[in-house]
Amino acid sequence: MSEARRCFCGGFARLKTSCTKDNPERRFWTCYRKKGCGYFDWFDPQMCARSKMIILGLLRIDKADDELKRSRRREKLLRFFIVIDVHIAILSANANQHKGLNGMKTGLELA
Ligand SMILES: [Zn+2]
C-alpha cells in the first residue's frame, strides 16, 4: 500500500501521523532515527479547510468518548470497592455477633 522511502541517512523512512491543528491525522515520512537527518515529506495530500474541521471535530468526539469510558471504568471500580466494603462490614458484624453467641453459650454452660 505505502511505498518504501529512504531518508538522507539511507535507511527506510518512517511513516508517521501528524497531530497538529493545521494537519490533523495527515501522514508524513520522516527519518527512521530519533534524532535523524531531517528528512520530511508528506505522504497524504493537503486537506481542504472543511476536511480539517471535520477531522478535528471527530477527534474531539473521540476524546470525549475516551473520557466517558475512563469515567465509567472508574465508576465500576468504585462500585466494586463499595461492594467489597459492605461485605467486609457484614462479615465483621457477623463475626462480632458470633463472638457474642459464643459468649452466651459460655454463659449458659456456666449456669
Ligand atoms: Zn535519516
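Trainee: How much of the protein chain counts as buried?
Mentor: Of its 111 residues, 4% count as buried. Keep in mind that this is a predicted model.

Trainee: Okay. What about confidence, then?
Mentor: The mean pLDDT of the protein chain is 89. At least 70 is reached by 87% of the residues.

Trainee: Where is confidence lowest, and where is it highest?
Mentor: Lowest in helix H1, residues 49-110, with a mean of 86. Highest in E3, at 97.

Trainee: Which helices and strands does the protein chain have?
Mentor: One helix and three strands. Along the sequence the pattern reads β-β-β-α.

Trainee: In what order do the three strands sit in the sheet?
Mentor: E1-E2-E3, in an open sheet. The pairing is antiparallel.

Trainee: Which strands stand at the edges?
Mentor: Strand E1 (14-19) and strand E3 (40-42). Each has a single partner strand, so one side of each lacks a neighbour in the sheet.

Trainee: And the twist?
Mentor: From one strand to the next, it averages 40°.

Trainee: Remind me what holds paired strands together in general.
Mentor: Backbone hydrogen bonds, in either a parallel or an antiparallel arrangement.

Trainee: How many bridges pair E1 with E2?
Mentor: Five, in the antiparallel sense, with E2 covering residues 24-30. The two strands form a hairpin, with four residues between them.

Trainee: Which residues in E2 stand opposite arginine 14 and cysteine 19?
Mentor: Arginine 14 faces threonine 30. Cysteine 19 is opposite proline 24.

Trainee: Now the other side. How many bridges join E2 to E3?
Mentor: Three, and these strands run antiparallel. Tryptophan 29 stands opposite aspartate 41 in E3.

Trainee: Why does glutamate 25 count as partly exposed?
Mentor: Because it has 16 other C-beta atoms within 10 Å. Buried would need 20 or more, and exposed would need 12 or fewer.

Trainee: What does the helix have to do with that residue?
Mentor: Look at isoleucine 55, which is found in helix H1. Leave aside its neighbours within four places in sequence, and isoleucine 55 is in contact with Pro24 and Glu25.

Trainee: How many other C-beta atoms lie within 10 Å of isoleucine 55?
Mentor: There are 15, so isoleucine 55 is partly exposed.

Trainee: How far is isoleucine 55 from lysine 21?
Mentor: Their C-alpha atoms are separated by 9.7 Å. Along the chain, the two are 34 residues apart.

Trainee: What share of the contacts comes from residues 24 or more positions apart?
Mentor: 31% of the contacts in the protein chain with a separation of 6 or more.

Technical notes
Residues numbered from 1 in each chain as written. Predicted model: local features only at pLDDT ≥ 70, side-chain atom pairs only at ≥ 80, totals over all residues. Contact = placed C-beta atoms within 7 Å. Pairing = 2+ DSSP bridges. Axes fitted to C-alpha atoms, helices over the stretch in contact; angles between N-to-C directions. pLDDT = per-residue confidence, 0-100.
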